Amino acid sequence: MTVGAGRSRPGIGDYLLWSVIALFIIVPLGCFLAYGFFSVVDNAIVYRPTVGNFAELLSNPSYRATFLRTIRMAFEVSAINLVLGYATAYFIWLRPPGMRNFLVIALAIPLLMSYIIKIYAMRGVLGTNGLLNSALMALGIVDEPVSALLFNLTAVRITLSVVLLPFMVLPIYIALERIPASVLHAASDLGANELQTFTGIILPLSLPGGIVGAMFTFVLASGDFLAPELVGGIEGFTYGRLIFSQFGLAFNWPLGAALSILLMCVALGVIFVARRLGNPRWQR
Amino acid sequence: MAKPDTGGPDSESGLPLLRIRGLGVSFGPVDAISPLDLDVHDGEFLTILGPSGSGKTTLLRAIAGFQPPSAGRIEFDGRDIADLPINRRPFNTVFQDYALFPHMTVRENVGFGLRVRGTARRQMTERVDIALGIVGLEELDSRYPAQLSGGQQQRTALARAMICEPRLILLDEPLAALDATLRRQMQNFLKSVQRQSGITFLFVTHDQSEAITMSDRICVMRTGNIEQIGTPRELYYRPKSRFVAAFFGASNIVEPCRIEESRDDMTVVSTPVGTFSVKGPPPENTSGLALAIRPEAFGSDAETRMNSLEFEVAAVSFVGSETITELRHRNTSLMFTMKSRSDPAARPPETGSFLRVGFDPAECALVTGAES
């Protein structure tokens, strides 16, 4: 097609590729953005530009509360996963090569499974007669099943943490893998003990992976509506469910689009910050 | 090897700085290093030279502590350090890939050894400044490794290894990644730093010319064994084995070789191409005895030399400062190579012409062992 040096005039291939990108990515995104500026009157969309939706979602205290609660929940999930994911990745990294590969594949397999099945599985784990309660009772920690494990925001936190863990572990593991053995040897050769090697070399070199993982986790958790819908109950009402309800129940597409645009801006902001943090000066 | 041939001036300074006895490394059933002895003397530049797979890097890694030995003792200054963890060994390493810390500046890299020892900030700054001065990187101290050239990274790695003032530095093929010009510069630089600092260098390379130009002594390794230890001149002019002879470019090997007589530091041997005098006593073990003649030993002034040979010129190639002449022995058709300094005035010998060449007893050596 247009591969080749010194070719300045775009060929037919470029036009084709651009039209695919425009048709399937830019135009839909533009439509979506545009819908945020329309309104609904008597169950019909009025195609006259207005900022009413944005005014409403900023002034409505229940929207604001849901938004802040969701952002906070996503932040918590990211923080929990950063600790859990780092420990997991570090543990895998320290195994012998064969075991390491096995564990990485085992960790990646759930990514190939249906998301909704994983959430149902978590519902089974957290439920009154679920795995977690049975285990707690068998261990004698509780006398009767704990119902507080399901249908609240904590259930959403636990479910998202479990389901999104691979997105955290994999980038950290890749960052750890990229540390040359000789660099670690050099640290101990210069007299660093294990703790000094970890805090001085391993952690700073692998943390950019953790930031990428935290970005994935945050963006996926803040926009998710299936997990809150299925395990969150009334208490676990999140921003993702709010958007879903505008499209699926209230038939207010313009408001749903406006809500989505706000979330998208937050996600883009997080991605921007993560790109800066995850790509420190010494790497550029 | 029958007796430990650790070489070197053992007597003059008493104990060697590093004394290795019976050190072996095995990977499962494979011996990467057969138990060997080696002495490294205080203040010397000792090079471990060998082709890939000779065990030279494994030996260095065992000394540094990255590779646990399966047998033997490593004594530093009279103390066995074979069981000491890497971070407590009293010397430092320059790595083949430099192994700089990518997230630290040159200054932070160099100061790392002091930082982990809890050195006070002011003292650290002073000592890092001195080390950066030695390697000429004062101006680049705030750069990150990715912003440095190969030679600058190399200098950073050297300064980092020197900062704790070790008495011994291990260098694992540190020049392998540099281009030819830079490598020559760094050879001179390393050698001068070593001489001025008085730090003992244990240097690993596969490049014999590098070993010759830099080392006080060279230890040639082959398949996990020490083949020969000696000064560059000894190895160059008096190789003991065919392997060492070939490695240092004594490419004319004549065999079989029989000892006729030996007296007064001179040995007379008979070979298929004639009888020759060789400087030095005959080797104790004469299995696979052969005569190794350096290509540059041959001279056309045959009448002034003790040994001479009659050849037919097979090919002449001019390679700049040298002219390489392929010679066919008249009676046996055995091929020899002669290297001579190119002479703009003289006409090169013509192909097919006959040429009588001579060589001195000091420019050939009796070697033993299997073919390399």
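This is a predicted model: local features need pLDDT of at least 70, side-chain atom pairs count only at pLDDT 80 or more; totals for chains, interfaces and linings use all residues.
Local features need pLDDT of at least 70 and side-chain atom pairs count only at pLDDT 80 or more, whereas totals for chains, interfaces and linings use all residues. Residues are numbered from 1 along each chain as its sequence is written, chains are lettered from A in the order in which they are written, and side-chain values use heavy atoms, without hydrogens and water.

In chain A, helix α3 (residues 61–94) and helix α4 (residues 97–108) pack at an angle of about 145°, with axes 7 Å apart; helices are DSSP runs (H or I, at least four residues) and strands are runs of E with at least two. Axes are lines fitted to C-alpha atoms over the stretch in contact, and angles run from 0 to 180 degrees between N-to-C directions. The contact (heavy atoms within 4.5 Å) involves A:Phe91, A:Ile92 and A:Trp93 of α3(A) together with A:Arg100, A:Leu103 and A:Val104 of α4(A).

Over all chains, the structure holds 28 salt bridges, each being a side-chain nitrogen of Lys or Arg within 4 Å of a carboxyl oxygen of Asp or Glu.

| Pair | N to O distance |
|---|---|
| A:Arg157 and A:Glu76 | 2.5 Å |
| B:Glu75 and B:Arg19 | 3.0 Å |
| B:Arg305 and B:Asp360 | 3.7 Å |

In the second pair, B:Glu75 counts as buried at 10% relative accessibility, while B:Arg19 is partly exposed at 26% (buried is under 20% relative accessible area, exposed over 50%, partly exposed in between, with a 1.4 Å probe and protein chains only). Salt bridges that share partners join B:Arg19, B:Arg73, B:Glu75 and B:Asp80 into one network.
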